[in-house]
Structure formats: structure tokens, C-alpha cells
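Trainee: Could we go through this model together? I'd like to begin with what the terms mean.

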Amino acid sequence: MTKIVVVDNHGQFTHLERRALRDLGVETELIDNDTPPEEVDADGVVLSGGPDMDRIGRSADYLEAGVPVLGICLGMQLIAEELGGRVGGGEYGGYADVTVDIVDDEDPLTGSLHPETRVWASHADEVKDLPEGFELTAKSDVCDVEAMSDTDRDLYGVQWHPEVAHTEEGDEIFENFLAICESE
């Protein structure tokens with residue numbers, strides 16, 4: 001059975017990420033973000049959202065763990081920041097219902113949602129510049145980088161929260177990530 005761990009960055013929806021994976025029949029567990037990657041045996045890693053880049057523990061170490069990684073909200077931002085991209089404050093702060101344009105219909109994570117999807121997202125902080133090797137896969141009227149992928153390294157990120165009911169096709173993001181993990 002495929003196992004995907006959720007690294008807890010103290011986000012308010014983190015338990016829902018684990019539940020979404022469990023509902024897909026995936027073996028999953030929620031692990032503290034101070035857990036070293038070498039102590040984790042998993043086929044994939046979800047870096048959860050969270051309130052603060054200063055509280056990400058060892059999350060960045062998972063980018064070198066050799067398994068697919070999905071960053072959600074803060075998780076995507078830490079991927080960008082760690083790998084040479086730039087994160088900054090968004091013009092639109094709190095949580096909102098946003099229509100996202102999927103710009104790459106071939107992307108293994110978000111492509112199946114093409115041409116657009118409605119999501120629940122916070123834009124207090126957002127990726128401003130993509131790290132080297134990443135492609136823009138989704139954008140919106142309020143954020144230029146709603147999703148990004150580096151398929152060579154199997155690193156993916158979404159600004160929105162696929163685990164909440166307000167996101168229309170959130171389960172599909174987890175299904176697609178599962179497929180990525182199973183193809184490795």
C-alpha cells in the first residue's frame with residue numbers, strides 16, 4: 001500500500017489533509033515537522049499549510065528525501081523560498097473563494113482541472129518568483145502563482161487548500177498526487 005505522510009506545519013486544516021488521503025485508501029500519518037526525513041518511510045510527502053515560515057521545523061529537509069512532495073499554501077511557499085524563488089505578501093489577505101486558471105493541461109498534479117477550478121485560498125503570503133526548474137501551472141486574478149511544478153524532481157505546490165470542502169475539485173489534487181507517488 002502506498003504511504004504518504006503529512007508534515008504538520010501547524011496549519012488549521014492539516015488534519016483534513018490526512019483525512020483526504022485516508023479517504024482515498026492511502027496509508028497516511030501526520031508527523032511533527034521536527035521529524036528528520038531519514039526516520040520516515042513514505043512514498044510521498046505533503047508539506048502542510050501553516051501560519052508562519054519561522055515554524056517550519058525540518059520541512060525543507062524533505063525536499064531532498066527522494067520522494068514526491070506536495071506543498072500546500074505555506075508548504076508551497078517554503079519550497080519556493082528554499083529553492084531560490086521569492087515569497088512576498090499578497091495584495092489580498094484573508095481566505096477567499098477564488099477562480100483559478102489552470103495554465104498547463106499536461107501537468108500531472110493540476111492538469112486534469114483544466115481550464116479552471118474554484119478553490120479556497122489565503123493570499124496573505126504567496127510565491128512571487130518561481131524557483132529554477134519550476135513551471136507555472138495555475139494563476140488567478142489575485143495571485144500570479146497559484147500552483148507550480150518541477151516534474152523532474154517531483155516537487156509540486158498549490159497556494160490553495162485542496163483539503164477543504166470549499167475547494168470544488170480538491171480530492172482530485174490528492175488523487176493526482178497519489179498517482180505521481182505510485183508511478184515512482
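Mentor: Buried means under 20% relative accessible area, exposed over 50% and partly exposed in between, with a 1.4 Å probe and protein chains only. By that rule Cys 181, at 5% relative accessibility, counts as buried. Keep in mind that this is a predicted model, where local features need pLDDT of at least 70, side-chain atom pairs count only at pLDDT 80 or more, and totals for chains, interfaces and linings use all residues. Residues are numbered from 1 along each chain as its sequence is written, and side-chain values use heavy atoms, leaving out hydrogens and water.

Trainee: And Cys 143, buried or exposed?

Mentor: Cys 143 is buried, with a relative accessible area of 1%.

Trainee: How many disulfides does the structure hold?

Mentor: The structure holds 0 disulfides, a disulfide being a pair of cysteine sulfur atoms within 2.5 Å. For Cys 143, the nearest cysteine sulfur is that of Cys 73, 9.6 Å away.

Trainee: Switching to the sheet, what is the strand order?

Mentor: The order is S2-S1-S3-S4-S11-S10-S9-S6-S7, an open sheet of 9 strands with mixed pairing. Strands here are DSSP runs (E, at least two residues), as helices are (H or I, at least four), numbered from the N terminus, and two strands pair if DSSP finds at least two bridges between them.

Trainee: Which strands stand at the edges?

Mentor: Strand S2 (27-32) and strand S7 (116-122) do, each with a single partner strand, so one side of each has no neighbour in the sheet.

Trainee: How do S10 and S11 run?

Mentor: Strand S10 (residues 147-150) and strand S11 (residues 155-158) run antiparallel, joined by 4 bridges, and Asp 150 stands opposite Leu 155 in S11.
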